[in-house]
Amino acid sequence: MTAAEPLLALRDVVTTFRTDMGRVPAVNGVSYSVLPGETVGVVGESGSGKSVTVTSALGLLPHSGTVESGQAVFAGRDLFTLGERELQRIRGREIGLIFQDPMSALNPVMTIGRQISEGLRRHDRRLSRSAARARVVELLAEVGIPNPAARARQYPHEFSGGMRQRAMIAMAMANRPRLLIADEPTTALDVTVQAQILALIAQVQAETGAALIMITHDLGVIAEIADRVVVMYGGRVVETGPIGSVFGKPGHPYTRGLLTSLPRLDRPAAELYAIPGQPPNPMFLPDGCAFRVRCEQSQNRVECWTQPDLTALTPGHASACHFSHELAASEEVSR
Amino acid sequence: MTNAVLTVDGLVKHFPIRSGVLQRQTGTVQAVNNVSFEVNHGETLSLVGESGCGKSTVAKSIMRFHQPTAGRVLLNGTDLAGLSAREIRTLRKQVQFVFQDPYASLPARMPVGEIIAEPLEIHRIGNRRVRKERVRELLEVVGLGAEVLNRYPHQFSGGQRQRVGIARALALEPTLLILDEPVSALDVSIQAQVVNLLDRLQRELSVAYLFISHDLAVVRHLTHRVAVMYLGHIVEYGDADEVFNRPTHPYTQALLSAVPNPDPHLRGRGHRIVLHGDLPNPSDPPSGCPFRTRCWKAQERCETERPRLEQRVADSGSSACHFAEPSTHSVSSRT
């Protein structure tokens, strides 16, 4: 590992939501970082806090959400201390965003070309209208949209799902950001279209050197593209490390459970391993280790009633489980 | 023929496109074209393919949610067309439906006990006491206890709701369940639980499944036979091993190669076929082979002559491709 300065460093982020039943913790002290040019995959199920963590950092929480504490240092500035105007300048210029549903992120009554050129001109006042228009056509061509000049004059509903996602990537890339954040960008897409979009994101990254945070529930997508992975459960990071080491020798029973529960094309097994129980409701998180009630490693041992810290197993690979060493040993035996 | 629970023979479903003030028909969406298959007693047949391929339209035509344009649907050897409403009702008991969205498909204001008992009441089966007993039994079968009888759907998680939906579908002891994306909306750890449940129910009750899904890994896990659809046509059809291990249609090969593998060590190992372009418009499909506009093997012949679905390669399924041949990069060889 080089001692490169992280591009984005999240430290002990705590976010809560106001509900009818009081304050609900959604993110409970999450720390992770992204190096320049690196691809970090964030995995977790619904309610794990994987999306809320980044929306907190970007200042995009809904009104009911509050960042209680923590830091989100992007290129030397703590995003939590910045005003809305400064944040707006960073979003779109230095951080590009790609969402799951381009239809809700795009303005339905504005042509695709107009939306991208507005984004360009917002961040570069000297850019003339015609230069922006030319740049839009260039961008649409770069993301593989055929007939870019004609397509720029069309509205979002005239695009297919895959083409809309391409347009959104063009928009996110328009100002050559140093960091891309993609939240489930291929979840709504068919698998062959997903393959196209993942290839496109990789190509764009290779060309611009942008770092990428890929948030997804799809372990297959993470395995394909991530350098490092962050596994979240119950609003915390339960495991993090290089992809090969986390997926190859998981140090947390949850990660191991997820990986073994996946049906696989190349290994049709008789029965799938299924993690018992359900993902926790953030309102009623178990005391101590949130995974305790579903964990087969825990077996109700008393240690699990205290919150385990993220502890390094190997350099760069850490797990928040009191028995991760036991897990590693049993892994050896089962091989 | 004798063993088939469901026979679909030459099914065609076209939807008229109407436009203008007079709502004149200006075109036709060819959603399903000449689709034939059989589902055998106690077996699973899967329809796979991407959005717009017609797989859900096939299911809806079987249930007579809409009238097929042409073709026959036989349930246990009996043609549905030409039967009286009463006869159709009796026959319909044998086919039940499980939907994708366990949130939308259950009535919100009914306790679970009543939701499951409703089909029994509609078909006047047993008295109150018998029905109550049957509901308890069904809850047991799908892994929910009798203590949930008086709860409402919103008090359940997604996985539990899907169990309720399955219990309700099983109430009339159907010989065939049509499952339309039953696990797609579920979290990864819950998906394995429901997949295992479906697997066990089939073994215990010997009910046949028509399984509709875009998730090829789940299909690989559950299915005996599989039909791959593209633009309203079945392009490949055969036993699971034939289609998954020795696909001969280029579209099947592309589809399988696009599924991300959750093993980072295999990254870049498999040969990924990235398809170019979008799905053609089903109201203006290509002449000849429907896949030719995106196929790397396409020749002049593909434009003029629609390839028939037939066995073309030994030990492989039927393939609707003039140039059917085994892939040089099969998925199973990636292990």
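Trainee: In which hand, left-handed or right-handed, does H3(B) pass H5(B) in a crossing?

Mentor: Please keep in mind that this is a predicted model. H3(B) passes H5(B) in a right-handed crossing. The two elements are helix H3 (residues 112–122) and helix H5 (residues 158–170) of chain B, which pack at an angle of about 30 degrees with their axes 7 Å apart. An angle under 35 degrees counts as roughly parallel, and that makes H3(B) roughly parallel to H5(B).

Trainee: Which residues of H3(B) and H5(B) make the contact?

Mentor: From H3(B) come B:Val112, B:Ile115, B:Ile116 and B:Pro119, and from H5(B) come B:Val164, B:Ala167 and B:Arg168. By class, the residues of this contact of H3(B) with H5(B) divide into six nonpolar, no polar and one charged.

Trainee: Turning to the sheet, in what order do the four strands of chain B lie?

Mentor: In general, strands of a sheet pair through backbone hydrogen bonds, either parallel or antiparallel. In chain B the four strands form an open sheet in the order S2-S1-S4-S5, with antiparallel pairing. Strand S2 (24–40) and strand S5 (78–79) of chain B stand at the edges with a single partner strand each, so one side of each is left without a neighbour in the sheet. Strand S1 (residues 4–19) of chain B pairs with S2(B) over 12 bridges in the antiparallel sense, and B:Lys13 stands opposite B:Val32 in S2(B).

Trainee: Which helix of chain B packs on the sheet?

Mentor: Helix H1 (residues 55–62) of chain B does, touching S1, S2 and strand S4 (70–75) of chain B, and its direction makes about 110 degrees with that of S1(B).

Trainee: How many residues of chain A are in contact with chain B?

Mentor: There are 41 residues of chain A in contact with 40 residues of chain B. H8(A) gives the most to the side of chain A that touches chain B, with six residues, and the residues of that side divide into 20 nonpolar, 13 polar and eight charged.

Trainee: How do the axes of H11(A) and H6(B) cross?

Mentor: The axes of H11(A) and helix H6 (residues 188–205) of chain B come within 9 Å and cross at roughly 45 degrees; the two helices are therefore oblique to each other. H11(A) passes H6(B) in a left-handed crossing, where A:Gly257, A:Leu258 and A:Ser261 meet B:Val188, B:Ser189 and B:Ala192. The residues of this contact divide into three nonpolar, three polar and no charged.

Technical notes: Residues are numbered from 1 along each chain as its sequence is written. Chains are lettered from A and ligands numbered from 1 in the order in which they are written. This is a predicted model: local features need pLDDT of at least 70, side-chain atom pairs count only at pLDDT 80 or more; totals for chains, interfaces and linings use all residues. Two strands pair if DSSP finds at least two bridges between them. Two residues are in contact if their C-beta atoms, placed from the backbone, lie within 7 Å. Axes are lines fitted to C-alpha atoms, for helices over the stretch in contact, and angles run from 0 to 180 degrees between N-to-C directions. Ala, Val, Leu, Ile, Met, Phe, Trp, Tyr, Cys and Pro count as nonpolar, Asp, Glu, Lys and Arg as charged, and the others, Gly among them, as polar. Angles under 35 degrees count as roughly parallel, over 145 as roughly antiparallel, 65 to 115 as roughly perpendicular and the rest as oblique. A crossing is left-handed if the near helix is turned anticlockwise from the far one by less than a right angle, and right-handed if clockwise.
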